[in-house]
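Open the model in your viewer and keep the sequence panel beside it. The tour goes stop by stop, with something to select at each.

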Amino acid sequence: MRVVGTASTAGPVSKLGFTEDQVVLELGYDDDIDDELRAQIEEAIDGALEDEDFEDVVDAVLLWWRDSDGDLTDALVDALATLEDHGFIVLLSPKVGLPGEVDPSDVAEAAETAGLHAAASVNLTPEWSATRLVAPKTARR
């Protein structure tokens, strides 16, 4: 049995909804990402993360996002196009006070514009916060 990371981050990773056998697309990879967190997610899904060249639908999108990365709404809409029904997006952004931080109001506005809402927010590492974004369930009338 392979053990990666610590219990302090294994719980939050599972709270974000990652489970075994999911196909997860990773976007926004750069040299500032958290390799240990990536390893914990790969352990949770029992597989490797897919990169932007993956051409099939996925169960989840892991989106590393910094303030200078462009238009967050466009990125979320693009990510939605790759998701299976009931899929989700985990938006990772630098914590407040760190270079590249994304204002929470910008995340909320971009998510709403893309037709998403925050289902969970988790402090994963000293550098990165995560927000799980999902499409709202349709209201029954």
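**A tour of the sheet and its helix**

Start at Ala 118, which stands opposite Leu 133 in S5. Strands here are DSSP E runs of at least two residues, and helices are H or I runs of at least four, numbered from the N terminus. This is a predicted model, where local features need pLDDT of at least 70, side-chain atom pairs count only at pLDDT 80 or more, and totals for chains, interfaces and linings use all residues. Residues are numbered from 1 along each chain as its sequence is written, and side-chain values use heavy atoms, with hydrogens and water left out.

Now select S4 and S5 (residues 128-134). They pair in the antiparallel sense, over six bridges. Two strands count as paired if DSSP finds at least two bridges between them. Strands of a sheet pair through backbone hydrogen bonds, either parallel or antiparallel.

**The whole sheet**

Show the five strands together. They form an open sheet with mixed pairing, in the order S1-S2-S3-S5-S4. S1 and S4 (117-123) are the edge strands, each pairing on one side only. On average, neighbouring strands are turned by 20° against each other, direction ignored. Axes are lines fitted to C-alpha atoms, for helices over the stretch in contact; angles run from 0 to 180 degrees between N-to-C directions.

**The helix on the sheet**

Contact means heavy atoms within 4.5 Å.

Move to S1 (residues 24-27). Which way do its side chains point? Val 24 and Glu 26 point one way, Leu 25 and Leu 27 the other. Are they buried or exposed? All are buried, meaning under 20% relative accessible area with a 1.4 Å probe, protein chains only.

Next, select S2 (residues 58-64). S1 and S2 run parallel, joined by four bridges. Leu 25 stands opposite Val 61 in S2.

**Stepping back**

Show the whole chain. It has four helices and five strands. Along the sequence the pattern is α-β-α-β-α-β-α-β-β. Of the 141 residues, 41% count as buried.

Last, colour by pLDDT, the predictor's confidence in each residue, from 0 to 100. The chain averages 88, and 89% of the residues score at least 70. Over residues 1-8 the pLDDT is below 50. Where pLDDT is low, the predicted coordinates should not be read in detail.

Technical notes:
Buried means under 20% relative accessible area, exposed over 50%, partly exposed in between (1.4 Å probe, protein chains only).
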